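The exercises that follow are meant to be worked with the sequence and the 3D view side by side.

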Amino acid sequence: MKKVNKADKIELKKAEILDALKRCLLKDVYSQISFNDVADEAGMSKGGVRHYFPTKESLFMGLIEDFFNTIEEEQINVIKAATKMSDKALLSTMYSIEKFLMNQDNVIIMMNIIIYSFEDNKIKELVRSFLRHHLQLFENLMKDLANDTNIDQNQVRQISRTIQVILLSTGII
């Protein structure tokens with residue numbers, strides 16, 4: 001049996017807590033969720049949760065980083081799997097549709113994160129940072145497509161922003 005080192009145990013425990021927070025967000029809005037709710041859902045004590053995430057803000061920042069990093073890693077892997085540039089743009093768009101529009105749980109979690117960001121500047125900056133990075137990733141993909149198809153760069157930027165606004169708006173509705 002392989003022995004798990006201390007750093008891996010910590011990451012596993014944090015992942016359990018964040019998964020519990022996600023389940024709580026599917027039942028209630030962020031403002032109504034307490035450390036006790038997360039602890040009960042995770043099957044641990046409130047002190048156990050606070051050991052890894054001392055504040056509600058740190059708990060949600062951990063969720064945001066995990067949520068956005070997972071989405072980005074998955075999307076990059078989908079894009080890497082395609083061989084043609086036109087397939088990469090299509091797969092990236094379809095991935096976004098599937099991940100946000102077709103997955104109600106992700107929409108609910110994302111909406112809670114966005115609403116919380118209006119109340120907390122650290123949360124807001126983390127969300128902004130991800131959205132800017134994601135926009136840049138998508139724009140770079142569209143620029144690569146434009147280079148392969150001789151589409152004007154201004155059109156690419158307009159198309160990529162339009163697609164992202166539509167996806168975000170549809171996910172909200």
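**Exercise 1.** In this predicted model, determine where Arg-128 and Glu-125 lie and how their side chains meet.

*Solution.* Begin with the position of the two residues: both Arg-128 and Glu-125 belong to helix H7, which covers residues 121-149, and they are three residues apart, about one turn of the helix. Next, consider the side chains, which meet in a salt bridge with an N to O distance of 3.1 Å; this falls inside the cut-off, since a salt bridge requires the side-chain nitrogen to be within 4 Å of the carboxyl oxygen.

**Exercise 2.** Trace the network of salt bridges that links Asp-19, Lys-22 and Asp-66.

*Solution.* Take the pair Asp-19 and Lys-22 to start with, whose closest N and O atoms are 3.9 Å apart and which form a salt bridge. Because these two residues are three residues apart in helix H1, about one helical turn separates them. Asp-19 itself is partly exposed, its relative accessible area being 36%.

Then turn to the other salt bridge of Lys-22, in which its side chain meets that of Asp-66 at 3.2 Å, N to O. Here Lys-22 lies in helix H1 but Asp-66 in helix H4, so the pair ties together parts that are 44 residues apart in sequence. Asp-66 has a relative accessible area of 28%, which means that it is partly exposed.

**Exercise 3.** Describe how H1 packs against helix H4, and say which residues make the contact.

*Solution.* Two packed helices are described by the angle between their axes and the distance between the axes. For H1 and helix H4 (residues 56-81), the angle is about 95° and the axes are 10 Å apart. Angles of 65 to 115 degrees count as roughly perpendicular, and H1 and H4 are therefore roughly perpendicular to each other. On the H1 side the contact is made by Ile-17, Leu-18, Leu-21, Lys-22 and Leu-25, and on the H4 side by Leu-59, Phe-60, Gly-62, Leu-63 and Asp-66. Sorted by class, this contact has seven nonpolar residues, one polar and two charged. Among the residues listed are Lys-22 and Asp-66, the side chains of which meet in a salt bridge.

**Exercise 4.** Carry out the analysis for helix H1 and helix H6.

*Solution.* Helix H1 (residues 6-27) and helix H6 (residues 104-117) pack at about 90°, and their axes are 9 Å apart. That angle makes H1 roughly perpendicular to H6. The contact is made by Lys-22, Leu-25 and Leu-26 from H1, together with Asp-105, Ile-108, Ile-109 and Asn-112 from H6. Its class composition is four nonpolar, one polar and two charged residues.

Notes. Residues numbered from 1 in each chain as written. Predicted model: local features only at pLDDT ≥ 70, side-chain atom pairs only at ≥ 80, totals over all residues. Heavy atoms only, no water. Axes fitted to C-alpha atoms, helices over the stretch in contact; angles between N-to-C directions. Helix = DSSP H or I, 4+ residues; strand = E, 2+ residues; numbered from the N terminus. Parallel < 35°, antiparallel > 145°, perpendicular 65-115°, else oblique. Contact = heavy atoms within 4.5 Å. Nonpolar A, V, L, I, M, F, W, Y, C, P; charged D, E, K, R; others polar. Buried < 20%, exposed > 50% of the residue type's maximum accessible area, 1.4 Å probe, protein only.
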